[in-house]
Amino acid sequence: MRWCSSSMLHPLRCVRVRSCARRGKNTVPLWIREVWAYMRLLVQSLYFSSLTDSDVVFDSVFEPVFWTVDYVTRWFGTVFVCLVVILTGSILAIAYLILLPMIFRTYTPLWIAWHVCYGHWNMVMIIFHYYKAITTSPGSPPTEKNGSPFVAVCKKCIIPKPARTHHCGICNRCILKMDHHCPWLNNCVGHFNHRYFFSFCVALAVGCVYCSISGRNLFIEAYNAIETTYQTAAPPHTFKEKLIHKSIIYMWVLTSTVAVALGSLTLWHAVLISRGETSIERHINSKERNRVVKRGGVYRNPFNHGRLNNWKIFLGVEKTSHWLTRVLLPSGHAPPGDGLKWDVFPVKKDLIPV
């Protein structure tokens, strides 16, 4: 019986090998399959553990590129801050030396009071919040062991990371409730200076819109005064008049451009604040939402307490008078909490009855 079974199995194996060889000839050549298998083995050899995925390999390969970008951004941060100061200072110089004397000569006392009061309030809000945004530390988790809860361990800092904490390669440290690294501030936007950053964006965007709208007629007059064609000669203007006209054109073009660009950025951050998330959490929540939806579930941001409550928590409004003293006026109050512990949904803080 053993001899019969072995004698029958041998022809069957031969037929199977021949059929597989014929199929291989009709599909992919052997040398291509060997090269493909070698490439797969080479890629898998880059994995140092079974938990590693393609993202780790990508980060490892492009680490020199990331390091170069971080270094250049860190170095250019001071340049960007100086550029903001120079551009803002030039607009203030034009406003005080050229526009303010025009206002006193041509406007009524009521309009003069409006422009002087609003303009100076807007200027104070811009300067105060920009200074606080660049000088206030966004906050970092403690390096010593403590009882604070954490969700992961930073692979670069090798310290526990609380919820909403992320590592910044430019600052080379973990940031509490990190939103992003802003080169115009030369600082990270995090838990303790996020409000200063947003208030600066709002104040600067509103100030640029104010200059663009109120200076539109002056811009048209200045442009027509220096505009010439090949048929008409240039009008006789003194050097001082030409300087005034070009300064008005420069101010209007700069403020209009910044109003559009910064206004769009400010609106985007306002939407994120209404949702109770940061710029980084926006991408994380989007991926998590897609993953949960594929499983047939519904994802909800655990840090979303409702639009109005999100704004009250973000601005630090604890009573009705704070809308004036902490929102419409410069205020250096700290945000609620320490950035290490967070109340999650369904816990809601109804700070003001509505």
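In the predicted model, helix α4 spans residues 63-106 and helix α5 spans residues 109-135, and the axes of the two helices come within 12 Å and cross at roughly 170°. Since angles over 145 degrees count as roughly antiparallel, α4 and α5 are therefore roughly antiparallel to each other. On the α4 side, the contact is made by Val81, Val84, Leu92, Tyr96, Leu100, Ile103 and Phe104, which meet Ile112, His115, Val116, His120, Met123 and Tyr130 of α5. Sorted by class, the residues in this contact comprise 11 nonpolar and 2 polar ones, with no charged residues.

An unreviewed UniProt entry carries the annotation "transmembrane region" for residues 75-99, 111-131, 196-213 and 249-271. Within the model, residues 196-213 are 100% helix and 0% strand, with the end C-alpha atoms 26 Å apart, and residues 249-271 are likewise 100% helix and 0% strand, with the end C-alpha atoms 33 Å apart.

The largest pocket has a volume of about 1200 Å³ and is lined by 46 residues, among which Ile91, Gly207, Cys208, Cys211 and Thr255 lie nearest its centre. At least two lining residues are supplied by each of α4, α5, β5 (180-182), α6 (194-214), α7 (216-226) and α8 (239-275), and the largest share, 12 residues, comes from α4. In terms of residue class, the lining of the largest pocket divides into 33 nonpolar and 13 polar residues, and no charged residue is found in this lining.

Conventions
Residues are numbered from 1 along each chain as its sequence is written. This is a predicted model: local features need pLDDT of at least 70, side-chain atom pairs count only at pLDDT 80 or more; totals for chains, interfaces and linings use all residues. Side-chain values use heavy atoms; hydrogens and water are left out. Axes are lines fitted to C-alpha atoms, for helices over the stretch in contact, and angles run from 0 to 180 degrees between N-to-C directions. Helices (H or I, at least four residues) and strands (E, at least two) are DSSP runs, numbered from the N terminus. Angles under 35 degrees count as roughly parallel, over 145 as roughly antiparallel, 65 to 115 as roughly perpendicular and the rest as oblique. Contact means heavy atoms within 4.5 Å. Ala, Val, Leu, Ile, Met, Phe, Trp, Tyr, Cys and Pro count as nonpolar, Asp, Glu, Lys and Arg as charged, and the others, Gly among them, as polar. UniProt positions are given in the numbering used here, feature names are shortened, and annotations may be inferred rather than shown by experiment. On a 1 Å grid over the protein atoms alone, a cavity is a set of points where a 1.4 Å probe fits but cannot get out, and a pocket is an open set with protein on both sides within 12 Å along at least five of seven lines; lining residues have an atom within 4 Å of a point. Grid points are joined across faces, edges and corners, and a volume is the space filled by probe spheres set on the points.
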